[in-house]
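The following exercises are to be worked with the sequence and the model side by side. Each task is followed by a solution in steps.

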Amino acid sequence: MPHPSPPPRTALLVAIEGGDGAGKATAAANLVALAQAAGLTATVLSFPRYGDTVGGHVIGDFLAGRLPRELTPHAAAVLYALDRFESAAHLATLAAAHDLVVLDRYIASNIAYQAAKMPPEEVPALIDWIVRLETGQFGLPAPGLTIYLDTPLAVARDLILRKRQRSYTDRSYDEHEADLALQARVRDNYAAMAAAGVLGRWVTVRTVADGTGADGAMRTPEAIAAEIAGEVLAVVGGAPA
């Protein structure tokens with residue numbers, strides 16, 4: 001009698017979220033390194049995928065100011081969702097081949113930024129619409145865990161200037177990064193989503209040392225990654241965090 005086939009492998013999807021300059025790319029790369037050191041297979045997938053999808057290419061034009069600024073939040077949300085929809089097969093391939101897929105921005109990013117452009121009374125309906133668009137109509141998987149990097153705006157703005165040259169713009173700040181009021185609302189939206197558990201379980205990781213305030217000392221990338229890895233390994237191992 002043949003043995004039953006094992007169930008298909010499915011990676012834990014961990015989304016690293018936060019405003020511009022929060023340190024998401026660094027945290028994602030360091031998390032993968034720590035996961036691999038712990039014996040897991042792990043990789044990073046970053047969104048938007050500017051050079052790999054039609055949606056990502058158009059998003060790059062939008063952020064670089066090459067498209068009309070009058071693009072509505074709903075239209076922008078579709079572009080970001082389309083970038084992920086075009087990437088769904090690639091994401092599925094990565095998930096089948098790894099224990100852990102770290103997502104540098106994911107669905108919550110779309111919500112945080114588009115909701116920051118809407119009147120407060122219209123935000124709940126927009127959140128519901130984006131979730132249904134991405135996980136329902138486009139069939140994208142919800143993350144198993146979302147890590148929110150809580151970074152004060154003053155710190156984030158300095159970190160943006162230290163970024164390497166982006167493929168989609170030669171400016172120091174793109175359209176979103178240049179708008180401080182927008183960035184403040186985005187930060188508020190992330191905190192609210194983390195508290196409400198939108199799309200599942202969230203963990204907030206502060207990137208500035210506790211008690212130092214907005215102008216305080218930045219925690220080392222290693223310390224931030226170690227905290228995130230502890231949360232992720234607890235989920236992978238089935239133990240409570």
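Helices (H or I, at least four residues) and strands (E, at least two) are DSSP runs, numbered from the N terminus. The structure is a predicted model, in which local features need pLDDT of at least 70 and side-chain atom pairs count only at pLDDT 80 or more, while totals for chains, interfaces and linings use all residues. Residues are numbered from 1 along each chain as its sequence is written, and side-chain values use heavy atoms, with hydrogens and water left out.

**Exercise 1. Determine how the length of α3 agrees with its number of residues, and what its buried residues pack against.**

Step 1. The expected span of a helix is 1.5 Å times one less than its number of residues. The 14 residues of α3 should therefore span 20 Å, and its end C-alpha atoms are 20 Å apart, which agrees.

Step 2. The buried residues of α3 include Pro73, Leu79, Tyr80 and Arg84. The buried residues of this helix pack against α2 (54-63), α4, α5 (107-115) and α6 (123-137).

**Exercise 2. Which residues of α6 are buried, and how are they placed around the helix axis?**

Step 1. Val123, Leu126, Ile130, Leu133 and Glu134 are buried in α6. Viewed down the helix axis, the buried residues fall within an arc of 90 degrees, so they line one face of α6. This arc is that of the directions from the helix axis to the C-beta atoms.

Step 2. Pro124, Ala125 and Gln137 are exposed on the other side of α6. The cover over the buried residues of α6 includes α3 and α5.

Step 3. Just after α6, Gly139 takes a positive phi of about 65 degrees.

**Exercise 3. Is β3 enclosed or open, and which strands pair with it?**

Step 1. Of the 5 residues of β3 (100-104), 5 are buried, so the strand is largely enclosed by the rest of the structure.

Step 2. In a regular strand the side chains alternate between the two faces of the sheet. In β3, Leu100, Val102 and Asp104 point one way, whereas Val101 and Leu103 point the other way.

Step 3. Two strands pair if DSSP finds at least two bridges between them. β1 runs parallel to β3 and is joined to it by 5 bridges, with Leu12 opposite Leu100. Strand β2 (residues 42-46) also pairs with β3 in the parallel sense, over 5 bridges; here Val44 has Val102 as its bridge partner.

**Exercise 4. Identify the residues and elements that make up the largest nonpolar core.**

Step 1. A nonpolar core is a set of buried Ala, Val, Leu, Ile, Met, Phe, Trp, Tyr and Cys residues joined through side-chain atoms within 4.5 Å. The largest core has 33 residues, of which Leu103, Tyr106, Tyr190 and Met193 touch the most other members.

Step 2. β1 (12-17), α4, β3, α5, α6 and α8 (180-196) each supply at least two residues of this core. The most come from α5, which gives 6 residues.

Step 3. Apart from its neighbours within four places in sequence, Met193 is in contact with Ala108, Ile111, Ala112, Val198 and Trp202.

Step 4. A second, separate core of 22 residues includes Ile16, Ala22, Ala27 and Ala28.

Note on methods:
Buried < 20%, exposed > 50% of the residue type's maximum accessible area, 1.4 Å probe, protein only. Contact = heavy atoms within 4.5 Å.
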